[in-house]
Amino acid sequence: MKKIFLSITLIALLVGCKDEYLDVEQPNRTKAEAFFTTQDDAVRATNAIYSALRSWENSAFPAQFVFGVPADDVEKGSNPGDASFINAYDQFTYTASDSGVEGYWIGQWQFVNRCNQVITNVPNINMDATLKTRLVAEAKMLRAYFYFNLVRIYGGVPIFDGLPADGNYKSPRKSVEEVYNFIISDLVSAAAVLPQSYGASELGRVTKGGALGLLSKVYLYKKDWQKAYDTSNQVMAMGYGLDPDFNHLFRPAGEFGTESVIEVNCQCSTQFGGSQYAEVQGVRNQFGWGFFTPTSALESAFETGDIRKELTILREGETTLEGDLIKKGDPQAGNMWNQKVYVPKSLNDNNCGSYGSIQNIRILRFAEILLINAEAANELGNTAVAVTNLNRVRTRAGLAVTTAATQSALKTAIWKERRVELAMEGDRFVDLVRTGQAATVLAPYGFKAGKNEVFPIPFNSITQSSGVLTQNPGY
């Protein structure tokens, strides 16, 4: 199946600012005023946003530092002596000067800037009006996604709605509520324009269902239960469905299937390469580097008979359904890895420079939409709907229907289902914070309530802002 190539070479968009965390200047770049002149420029600039989704910052170490390792389901992995600095994220000892804290921050702001370049400059291009409107809508949805990442990890942040006319990026932080309202505005605007689907040559572009799906998740974080329920219902009426085969869902053959709501196209080529998403997590010295591995706590969280357990955790000595014998090449490494990123040897494209670089990244699946709807319905007192949608996810996992009968018990059951359904997909830490469980669950790791719900604002960025940016409490 043909997919769009998302060029990583077009990072040639001018910011004009001197603040490092917002400066995406690259060698041999084209000035923005000279670049944004044709329809092809508009398309290439929008594609540059998509390439950010599979970047190192969004799919490899920085993203795992803040979304993965701080949870109780993921640990550093590899072997004890390799990149031991990552343990700071498991033990909540990182500081405002930590390279991972800064790396994720800088990456998200650079990606926001790419969105703002499109939102600001594309409307002035003489081109097909329908395409112009759609590209701006795509940029708004993607900007909302990057801001959603920022607000969940750092709390309130500055809001840049387009490029500042005076080139001044020294802007104070807005409140969490203001940031969420900005995200919602972008998603509502994008959903009104984006199509429900694309042709085979453009798979991976964001859709109306993706905008509404992300919007329902934003409402979940805001505890706006009615809107989370109503918006997820809209998505559920759009033709999505659960992949009946959980293993197929995460293999290349399952890409862009009925369960895909937002999915990053990581198609690789000899010209552009692919993604390191699978390589950094692949079986140590067999397929990849062996980082960010499942914990025994995650292993114990699955119920007896849950097929997802063995399809989420890849084990030393097992033979996969695709016929690969798992055999690590480092005796000091652990014995479990993330099976969701596994790419069979027979499908691995060695021309792309790294293992598994064809592996797409699933940002939002229909299973999560069902769980968002179930959680919101339960909070609204509609336990019957909550039970129905929870059981749809459980049935696919080979489990009996839930025994939870009260609203309180059902809430706990839904939270547990999110843990095992979305395991290793980057939701566990922020879910624990969102639901108020972090202080209890993560206390043995060093989590401090009132501090570790968010990460520090990088020291260098505060310095570059001349103190306009303020630090989070406790750092």
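Reader: On what basis are the local features and side-chain values reported?

Author: This is a predicted model in which local features need pLDDT of at least 70 and side-chain atom pairs count only at pLDDT 80 or more, while totals for chains, interfaces and linings use all residues. Residues are numbered from 1 along each chain as its sequence is written, and side-chain values use heavy atoms, with hydrogens and water left out.

Reader: What is the volume of the largest cavity?

Author: A cavity is a set of points, on a 1 Å grid over the protein atoms alone, where a 1.4 Å probe fits but cannot get out; the points are joined across faces, edges and corners, and a volume is the space filled by probe spheres set on them. Five cavities of 30 Å³ or more are counted by this rule. The largest cavity has a volume of about 550 Å³.

Reader: Which residues lie nearest the centre of the largest cavity?

Author: Lining residues have an atom within 4 Å of a point. By class, the lining of the largest cavity holds 17 nonpolar, seven polar and ten charged residues (Ala, Val, Leu, Ile, Met, Phe, Trp, Tyr, Cys and Pro count as nonpolar, Asp, Glu, Lys and Arg as charged, and the others, Gly among them, as polar). Of the 34 lining residues, those nearest the centre are Phe 67, Tyr 145, Glu 425, Gly 426 and Asp 427.

Reader: What is the volume of the second largest cavity?

Author: Its lining includes Phe 250, Tyr 277, Met 424 and Glu 425. That lining divides into four nonpolar, three polar and three charged residues. The volume of the second largest cavity is about 60 Å³.

Reader: Which element gives the most to the lining of the largest pocket?

Author: A pocket is an open set of points with protein on both sides within 12 Å along at least five of seven lines, and the largest pocket holds about 400 Å³ of space. It is lined by 22 residues, with Gln 196, Ser 197, Thr 207, Tyr 240 and Ser 260 nearest its centre. Two or more lining residues come from each of α2 (39–53) and β2 (260–264), where helices (H or I, at least four residues) and strands (E, at least two) are DSSP runs numbered from the N terminus. With four residues, the element that gives the most is β2.

Reader: Where does Phe 256 lie?

Author: Phi of Phe 256 is near 55°, a positive value in a residue other than glycine. Phe 256 is buried because its relative accessible area is 18%. Phe 256 is found in the loop between α11 (246–250) and β2.

Notes
Buried means under 20% relative accessible area, exposed over 50%, partly exposed in between (1.4 Å probe, protein chains only).
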